[in-house]
Structure formats: structure tokens, C-alpha cells
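Please read the points below with the model open beside you, and check each one by eye as you go.

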Amino acid sequence: MTAFDVAALRAEFPVLAGTSRGKPLVYLDSAATSQKPQVVIDAIRDFYAHDNANIHRGVYELSERATAAWDAAREIAARFLGGVPAEEVVFVRGTTEAINLVARAFLGPRLDPGNHVLVTTMEHHANIVPWQLAGAITVPIPLTDRDELDLDVARSLLARRPRLLALTHISNVLGTINPVAQLTAMAHEHGVPVLIDGAQAAPHVMLDIPALGCDFYCFSGHKVFGPTGIGVLWAREKHLAAMPPWQGGGDMIDHVTFENTTFAPPPTRFEAGTPHIAGAVGLATALEWLMRQDRVAIQHHEQQLLDRARSELSGLPGVELFGRASDRAAVIPFIVDGVHPHDLASLLDQDGVCIRAGHHCTQPLHRHLGVTATARASIGPYTTQADITTLAAAVQRAQEVFA
């Protein structure tokens, strides 16, 4: 493994050279959204400056260039996912829209009263609420005292044949990396399809969807160094072919009359209206940028920083850390005695330190943890040891303010 040059990588992110509250910016909120390298910013700007036109059906060169960029972005996303067919890649606004699409177009027509979807205690609300809106009962897989999924209970719950298993690849709060390939195999033994929320995993682990064996996988562009408002839903061709459209409009049709409409084949069937073309261009650039990096070196770098952050914070009196899984990503949830997480985040902001505070769209998980809110620092490839040291010092200063 080659040495990881974090300074060289940081130089590609213009925002990191800036300040916050007059202090050097310490960005520790990558789990909420990642920062963007200059190549992504340039790609979006250049598209609007030189290639902006609507895609499909335009017979002039500008439209043909925009269409080619859109189609190329789908191919790049397919390669990022481990070499899946491009026809199985649907562009959406993000992970939330992807899950809602599956809930309405795949699950909804298959639901009977009382049917349930198996989720986990650590799910983001985006992987709970859409199933409930579709009419399913959500049943959670519990956690062990190590903040890992209880696989024995999961096995027994899968034997009850839920309509779907929907789980996160990596918890956005605990950082737990779930054994999704093993759980997928367990689910398929009972004929249960599997959706994996990869929003937190896509920036941190190398994806191989064929090896995971799942039926659906989704992630958001803004967490993988791309723009907001664009994301990817991957689904097996047999599922896409059987799913009806979930939105109507332009470009998703085959033939329209006042009496009847027939629909385009996937993936176009699920991409109604003018899409976020510049977003797809930016996402493709971000994915290519990420695939060029030494992912193993980045993973090692992030794990080193995770260990250092947990060590420095746990050394402070009155600080309680959460997330005890043996296999976890670079997320540090914690609370400080006598300081509400929102107050803590505001005080850290005075030192230029950006963290997240609240329930992080995981209210059921926080009830399980016995707290209403946590502070969360999250690490990206551009995070440095100095960032971690500044975080710990800022937390200590906040304790002194409230002492």
C-alpha cells in the first residue's frame, strides 16, 4: 500500500482552503454531505458553459453532446457499482427517492394487508417511512450489545417471509458496517428480495454489486463528492421489467393517446421529465475521480483517524462514545455530560469545527440508545490528524464553558 498524501488530496477541494467564523475550516460532517473536488465543479460549469441542451430527440449537435454525456454517466455509474449492466441503472434525485420508487413501484403492487418489511433498528428514516407509506408494517432486526445486527434473530424473522428486507450497508450514526452479502444470502433462502441503502457505504468501500447478490442498491451523489439532487438506483433487470412507472410525464412513454399510454422500457420508464443532466455529468466526474484514488490507502487513513478520534474524545471526562461494532466506518457519535448536542455543535462552530447534532433521522435508533440526540463527527478522505486534534480541543473548551 502506498503512503496516502492527504495534503495533496485536500488541495483538490477549494472549500477546504477557506475559513469558518474566521477560523481555519475543520469539516467533520462528510456523512451529511461530502465536499467537492475542483474537477467536479469544473465539469458542471463546463457543461452549462459549452454543452447545455435537453437530451434525447434533439437532432442538433448540442443536444447530441448532452445526450452522449448523459449516457456516458450511466455507464460510469454501472462501472462504479462493480460492472453491472448500464440498463439496470436508474438516475434518481438521491437515496430517498430511490427507496420511495421501489416502495411504490415494486413493493406496493405486491402488498396485502398485514404484510411486513424487515428493516433494522439502525435505519435512517428514509428506509422506514416509504415502506409504511406504501402500506407495509416495518419490523426491525434488533442490535446486540456490540451495536451489530443480531443475525440469529434476523434468521428467524426472515423465516416469516417478509415482503422485503431493506437495510443500510453502513449506519449513518453508529458507523456499523453490516454483513449485507450474508444477510442477502439468508433472505434469498426464503425467497425474500433485498434492498440495500448504500448512501454511507458508497464513499468509503469499493462496491461489487454482483458479489453482494442483492436485488436493489442505491446511493446519493452528494455523499460521493458529486452534486446534490442526483443519485442512483440499481435494480435487477427482472424487477425493473415488472415494475410499473411511478411518475408520468415526458420521455418515459412509448406511445400516448387520449385513450391509452404505453411506456418505455427501463431505465427510461422511471426517469420522467427533463432530468438533472448537469448533475449526472457532475456525478460521473465524481465517480471517476473516486475510482482513480487509492481506495485501500484512503480506507486505512480513515480508520487511523477514527481510532485517533475515539481515543482523544474518550480521554475527556464526561464524554460518552457510541458505536462499538468491530467493523465500522469513520463516524463518531458522542454526547458530553451537561451539554446538549445542539449547544455543543454551536460552540464548536465558533472554533471553525463543523459537526452534526440531533437524531440524524434515526429516532428509533436513538430511543434504543437511550438518548434523544447525539453529536456526530464524520471523517472523509480529506480529514487530517490536525482536524481531530482541533475537534478534541474544541470539545474540551465547550466543557469548560458549561462547567
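1. Ring pairs join F13, F225, W289 and Y382 into a cluster, where rings of Phe, Tyr and Trp (its six-membered ring) pair if their centres lie within 6.5 Å, and planes under 30 degrees apart count as stacked, over 60 as edge-to-face and the rest as tilted. This is a predicted model, in which local features need pLDDT of at least 70 and side-chain atom pairs count only at pLDDT 80 or more, while totals for chains, interfaces and linings use all residues. Residues are numbered from 1 along each chain as its sequence is written, and side-chain values use heavy atoms, with hydrogens and water left out.

2. By this rule there are 9 aromatic pairs. One of them, F13 with F225, is edge-to-face, with 6.2 Å from centre to centre and 70° between the planes. F13 lies in the loop between α1 (6–10) and β1 (19–20) and F225 in the loop between β9 and β10, so the pair ties together parts that are 212 residues apart in sequence; helices (H or I, at least four residues) and strands (E, at least two) are DSSP runs, numbered from the N terminus. F13 counts as buried at 1% relative accessibility, and F225 counts as buried at 2%, where buried means under 20% relative accessible area, exposed over 50% and partly exposed in between (1.4 Å probe, protein chains only).

3. The ring centres of F80 and F219 are 5.6 Å apart and their planes stand at 55°, so this pair is tilted. It links distant parts of the chain, since F80 belongs to helix α3 and F219 to strand β9, 139 residues apart. F80 is buried with a relative accessible area of 4%, and F219 is buried at 0%.

4. How far apart are the end C-alpha atoms of helix α3 (residues 61–80)? They are 28 Å apart, which agrees with the span of 28 Å that its 20 residues should have, the expected span being 1.5 Å times one less than the number of residues. The buried residues of α3 include W70, R74, I76 and F80, and just after the helix G82 takes a positive phi of about 105°.

5. The lining of the largest pocket has 7 nonpolar, 11 polar and 6 charged residues, where Ala, Val, Leu, Ile, Met, Phe, Trp, Tyr, Cys and Pro count as nonpolar, Asp, Glu, Lys and Arg as charged, and the others, Gly among them, as polar.
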